[in-house]
Amino acid sequence: MSRRRSLEVIETAEYVTIGELARLTDVRYSTLKFYTEEGLLSFRQAGEKLTRRYRRKESVERVLCIKGLRKEGKSIPEIKKFFSQS
């Protein structure tokens, strides 16, 4: 039996895992991990296993914004600067 939450549950959850965020945004896990390591996505450590939890609404909006900026040809440093100014 799968422990994977349904998309219906994920779409209403306050917090999601990085894998669930990948499903919601159609962005690769490794890309989201990179964005997290670069400080573009904030998370909260949850429980003893230290699972990273992302606020669903804020994170989806941020990832979609990053995708748009990347599509415009912006680099990661430029995107960091964009978010630090807003």
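Let's start with Phe83: at 16% relative accessibility, this residue counts as buried. Its partner in an aromatic pair is Phe82, which is partly exposed at 38%. Keep in mind that you're looking at a predicted model.

**Aromatic pairs**

- To describe a pair of aromatic rings, you give the distance of the centres and the angle of the planes.
- The count here comes to three aromatic pairs, and one of them is tilted: Phe43 and Tyr54, with 6.1 Å centre to centre and 50 degrees between the planes.
- Phe43 sits in the loop between α3 (29–37) and β2 (44–46), while Tyr54 belongs to strand β3 (residues 51–55), so this pair ties together parts that are 11 residues apart in sequence.
- Are these two rings buried or exposed? Tyr54 is buried, at 0% relative accessibility, whereas Phe43 is partly exposed, with a relative accessible area of 33%.
- Phe82 and Phe83 make an edge-to-face pair, with 5.3 Å from centre to centre and 75 degrees between the planes.

**Charges over rings**

**The largest nonpolar core**

- In soluble globular proteins, nonpolar side chains tend to be buried together.
- The largest nonpolar core here has 19 residues, and the ones touching the most other members are Leu21, Leu32, Tyr35, Leu40, Leu41 and Ile79.
- What does Tyr35 touch, leaving aside its neighbours within four places in sequence? Tyr35 is in contact with Leu40, Leu41, Ile66, Arg70 and Ile76.

**A closer look at α4**

- α4 is 16 residues in length and reaches 22 Å from its first C-alpha to its last, close to the 22 Å expected at 1.5 Å a residue.
- Its buried residues are Ser59, Val60, Val63, Ile66 and Leu69; Ile66 is also one of the contacts of Tyr35.
- The cover over these buried residues includes α2, α3, β3 and α5.
- After α4 comes Gly73, and its phi is positive, near 95 degrees.

Note on methods. Residues are numbered from 1 along each chain as its sequence is written. This is a predicted model: local features need pLDDT of at least 70, side-chain atom pairs count only at pLDDT 80 or more; totals for chains, interfaces and linings use all residues. Side-chain values use heavy atoms; hydrogens and water are left out. Rings of Phe, Tyr and Trp (its six-membered ring) pair if their centres lie within 6.5 Å; planes under 30 degrees apart count as stacked, over 60 as edge-to-face and the rest as tilted. Helices (H or I, at least four residues) and strands (E, at least two) are DSSP runs, numbered from the N terminus. Buried means under 20% relative accessible area, exposed over 50%, partly exposed in between (1.4 Å probe, protein chains only). A nonpolar core is a set of buried Ala, Val, Leu, Ile, Met, Phe, Trp, Tyr and Cys residues joined through side-chain atoms within 4.5 Å. Contact means heavy atoms within 4.5 Å. The expected span of a helix is 1.5 Å times one less than its number of residues.
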